[in-house]
2 protein chains.
Amino acid sequence: MKKLVNRVDDVLDEALRGFGAAHADIVKVHASPAFVTRAAPTPRGKVALLSGGGSGHEPMHAGLVGVGMLDAACPGQVFTSPTPDQMLAAARAVDGGAGILFIVKNYEGDAMNFEMAGEMLESPHATVLTNDDVAVEASTYSTGRRGVAGTVVVEKIVGAAAEAGGRLEALKALGDRVNGRTRSMGVALTSCTVPAAGTPTFTLADDEMEMGVGIHGEPGRRRVKLMAADAIAGEMVDAIAGDLGARRGSEVLLMVNGFGGTPAMELYLMYDAARRRLADKGLPVARSLVGNYCTSLEMAGCSVTVTLLDDEIARLWDAPVHTAALRW
Amino acid sequence: MKKLVNRVDDVLDEALRGFGAAHADIVKVHASPAFVTRAAPTPRGKVALLSGGGSGHEPMHAGLVGVGMLDAACPGQVFTSPTPDQMLAAARAVDGGAGILFIVKNYEGDAMNFEMAGEMLESPHATVLTNDDVAVEASTYSTGRRGVAGTVVVEKIVGAAAEAGGRLEALKALGDRVNGRTRSMGVALTSCTVPAAGTPTFTLADDEMEMGVGIHGEPGRRRVKLMAADAIAGEMVDAIAGDLGARRGSEVLLMVNGFGGTPAMELYLMYDAARRRLADKGLPVARSLVGNYCTSLEMAGCSVTVTLLDDEIARLWDAPVHTAALRW
């Protein structure tokens, strides 16, 4: 295993310590249990947004904590759900008296642990479960579709609405609505290696790729020979657009997300390919995001996410955000 | 070769087209010859900052074009210098009547081509040559030290000063001064593959790393067995600090730069390790940057850059910047 680490057991703690020191103006890292909050306390009367999940998907979610987005994030061990005590401690730390909204990717461990934390939490709370991955209907770690990079879009939109004073029920409804208008699909060219495992999660031949891969390396739709970028982007956009059932002329947000080991040149090339395919379908791209936002350690590959915009969603997307990974 | 590409000959054009479309609010991509400018014209009387170099190091330099940083960037083919006609066309496009400052990484091809462009350019111009890499004194493509990730720091600082109305001679002197207070060193855990070559640039055994690697995969100081992150960061910080000759108590900027294939967790872990080593030397970290800024395609590994701060440099670092890759 080739990784820049010291003891495998210390990877998460050391990475969090570095993250907290590098972004001390934006976040505060709490230990035992581990969670990340904004550097400043939640304003009184603001609904607090809390997300979390296994580590290895950075910057998701701790890199998305800050004004205009999340109030807190709970990082689990690599590809492992955080625990209810992390979630409960984080929720109590950021409770501004107006309730807590959990934003949870649809995996069994995450959903169960957030539910347990909710049962122990004395304050009003609600949950948005993201399930944007069109690749498969059920998978290794999920019943129903998986939550993947579209979660970033949900967190940005709901984060902006929370900053503007949105109430808990309205934010829950908005999150569900954005999730319902968002679809993603991924492709892997290589595997990744979980530090504690020490060996690759799966193997691909030199000429193979996994179409529809999950963000933990879970199987997707099919393992096929490597194709040209246009063909890959075309298959992903077709699956997404077919499932969205968007009318021609609808404006969309297009996100091309790197899995951690893909050069920026390839991400922009894939963005260009996906954009052309969407244009062919009469779906003009009106908002864009390209980069590593929901990664799978050092996996090579990317995902494509499309969100159907409307005036409210576009306006909330454009609202200011100040996190370690997303700023405008 | 596993890459998300169509025809190898079209990689750069397609990536630039995607980059331009994704960031149309910030940049404008020009073709034949290829260069990238800000979306808005250079204000009359502002010195224009122009950089460039081989592609494959994204976001450097096109991702650093925007208010507070570069006015234009010229991307060459992957790991190949851009040509004088690109530089000349870009310089003329962004000439605001107050002169052009070239910021050039010290490689023979880049330095020669920028010099040729300067000879053909009718406007006043000057050049800052960056050579921050302490690993080797001469290398495959350079006479003298190589310019690497520290170039991002130079571009940020000089960009802020240019935005504030700095004159050509003062900006040239500032750039030289920042370069003189900046040192870097890198380490590679894996090679990268240039699309046009189709095979890895170099090879490393499963337990080896290249200490002091260049950003094109050029050899560094030594090829050694993989070490713990603390030992790697320690060796890099020792080489940098020794060369800088910084007095105890001096505040520094610490940049940990991913080469493209390294997970964010490892970069933050390395940042934590480098920060501790600097603290041991009495060099407190007062400014930080962690992420992929000067990459080598999908190479796994990272570089550490340290800049000795003073009040002027810290103030210019903090000044607003709005580019595709760097914003605050």
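## Contact between chain B and chain A

Between chain B and chain A, 18 residue pairs are in polar contact, both residues at pLDDT 80 or more; such a contact is a pair of N or O atoms within 3.5 Å, where within protein one must be able to donate a hydrogen and the other to accept it, and residues adjacent in sequence count only if both atoms are side-chain atoms. The model is predicted: local features need pLDDT of at least 70, side-chain atom pairs count only at pLDDT 80 or more, and totals for chains, interfaces and linings use all residues. Residues are numbered from 1 along each chain as its sequence is written, chains are lettered from A in the order in which they are written, and side-chain values use heavy atoms, with hydrogens and water left out.

The table lists totals for this contact.

| Item | Value |
|---|---|
| Residues from chain B (contact: heavy atoms within 4.5 Å) | 55 residues |
| Residues from chain A | 55 residues |
| Area buried (accessible area, 1.4 Å probe, lost on being put together, summed over both) | about 4400 Å² |
| Salt bridges (side-chain nitrogen of Lys or Arg within 4 Å of a carboxyl oxygen of Asp or Glu) | 4 salt bridges |

Carbon and sulfur atoms give 64% of the buried area. In chain B, Lys2(B), Leu4(B) and Met265(B) lose the most area to chain A, together 22% of what that side buries. One salt bridge joins the side chains of Glu266(A) and Lys3(B), at 3.6 Å from N to O.

Definitions and conventions:
Buried area = accessible area lost by both parts, 1.4 Å probe.
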